[in-house]
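The following report concerns helix packing, annotated spans and aromatic pairing in the structure shown here.

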Amino acid sequence: MVNFVVCQLFALVTAFWFRLYLHPSKTSPFIRHVVATLLGFYLALFCFGWYALHFLVQSGLAYGVMIFTGVEHMHKYCFVVTLGYLSFCQVTRIYVFDYGMYSADFTGPMMVITQKITSLAFEIHDGLMKREEHLKPNQKYLAVRKMPSLLEYLSYNCNFMGILAGPTCSYNDYIAFIEGRCYEPKHLESNGKENGKFKQNDPSPKRDVIQKLCTCALSLMVYLVIYTACPTDRVINDTFMASNPFYIQVLYLYISMLALRPKYYFVWTLADAINNAAGFGFNGYNTDGTPKWDRISNLRILDIEFATSFKMFLDNWNIQTALWLKRVCYERCPYNPTAATFLLSAIWHGVYPGYYLTFVTGIAVTMAARAVRHNVRQHFLGSATLKLIYDVITWFSTQIAICYTVVPFVLLAVGPSLKFYSSWYCCIHLICVLLALVLPVKSRRRKQQEEPSSIQASEQNCLSSPDNNCNQKQKAT
């Protein structure tokens, strides 16, 4: 863990140097690729020793599949090979070497590399195999139109900015950053016309980097002070459960999980700051003209802590992983994409049984939350007071459901996880299953089927009726 923090701080300093002295205007993309890749390998070797060779083996196997396999099925083979090799390393690390080792293990970076390899494989497949009209808007933007060179591929997977903690980014965004195409190089005059006479300086990430480093410091302090005093495994302590009423146990669980999350805030925010310091992550300008540096951010802390739905929490937690799951699984799986996405997330995280208990529970909570929102929310939108009441209730429910769901993720083993759930009488499991069964929710496919039919029915009614407002109805439909 010390090696990890030291390497990330070194990467932060190196990132400023990389942006200032290896700027695209001063050096070629080839040099930037080489330096970023060599620095990434150096950090990996320093932090993980010869285990870092697994990064090269995994990347090499996948690149061989890309080169020697037809584009039609390349993305599927890459997905299986890359995820399979990651799972092999996770099994050997946990069950052969040390079951209890959890922090800063060498499979952590491999998880990010797995995301990058599989994302790139699907993007190449979309760019070289599918027609433009068959792609969704985001798939058109992400589609890769030519096979990357080995250097570009290794630089994308193993650059020093993201080798240790990510975050995942799209291949096109990374290449645009390396080549200096990530921001507009010209001023815009007041009349909207481009003025090429004046050269625009690149937007500075200094302010955002400082803010994110302050967030890192605060997160680390909260984690070290509060979580040390309120560890999660105390919720299954027999003395604690016997000496405290249930509402105190619920309150303790919430505080414990609230103090645990800053550990992840620290890691992901520091990784984001490193990329920003190198000039990567620019996402346009705010309305006040200040630059935004959140293109590859991995979390939105306030949206997480004040989330009023399970989906809102997940959408703002580990954002790039959520986007990866959506792009490679949810949008492409023909059968029950929600369950398939949770299953893929469990496999990707590792082989600890607690992961699977968490994500199976997550499926039930997601289905129940969707059912409640679909059937209840509209009744609370009549006034600001009712909306506030609904938000408070859903915030409380979401936070308790999240804490309940992720306890096995923290405890890891089957025995302690089942002990915790049994101490709660599996009440949230039962409530979620009951809500999902009782409250009706239309499936995504059924909605898509019904929308065209409703439009056709409206058009037929308009043709058969001399209503003067026919055109307005059609537009509204």
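Helix H2 (residues 29-48) packs against helix H7 (residues 150-158) at an angle of about 45°, and their axes are 9 Å apart. Helices are DSSP runs (H or I, at least four residues) and strands likewise (E, at least two), numbered from the N terminus; axes are lines fitted to C-alpha atoms over the stretch in contact, with angles from 0 to 180 degrees between N-to-C directions. H2 is therefore oblique to H7, given that angles under 35 degrees count as roughly parallel, over 145 as roughly antiparallel, 65 to 115 as roughly perpendicular and the rest as oblique.

In this contact (heavy atoms within 4.5 Å), Phe30, His33, Val34, Ala36, Thr37, Gly40 and Phe41 of H2 meet Leu151, Glu152, Leu154, Ser155 and Cys158 of H7. By class, 7 residues are nonpolar, 4 polar and 1 charged.

The model is predicted: local features need pLDDT of at least 70, and side-chain atom pairs count only at pLDDT 80 or more, whereas totals for chains, interfaces and linings use all residues. Residues are numbered from 1 along each chain as its sequence is written, and side-chain values use heavy atoms, without hydrogens and water.

An unreviewed UniProt entry lists "transmembrane region" spans, including residues 242-260 and 420-439.

Aromatic pairs (ring centres of Phe, Tyr and the six-membered ring of Trp within 6.5 Å; planes under 30 degrees apart stacked, over 60 edge-to-face, the rest tilted) number 36. Tyrosine 254 and tryptophan 395 form an edge-to-face pair, 6.2 Å centre to centre with 80° between the planes. This pair links distant parts of the chain, 141 residues apart: tyrosine 254 lies in helix H11 (residues 246-277) and tryptophan 395 in helix H17 (residues 384-411).

Conventions: Ala, Val, Leu, Ile, Met, Phe, Trp, Tyr, Cys and Pro count as nonpolar, Asp, Glu, Lys and Arg as charged, and the others, Gly among them, as polar. UniProt positions are given in the numbering used here, feature names are shortened, and annotations may be inferred rather than shown by experiment.
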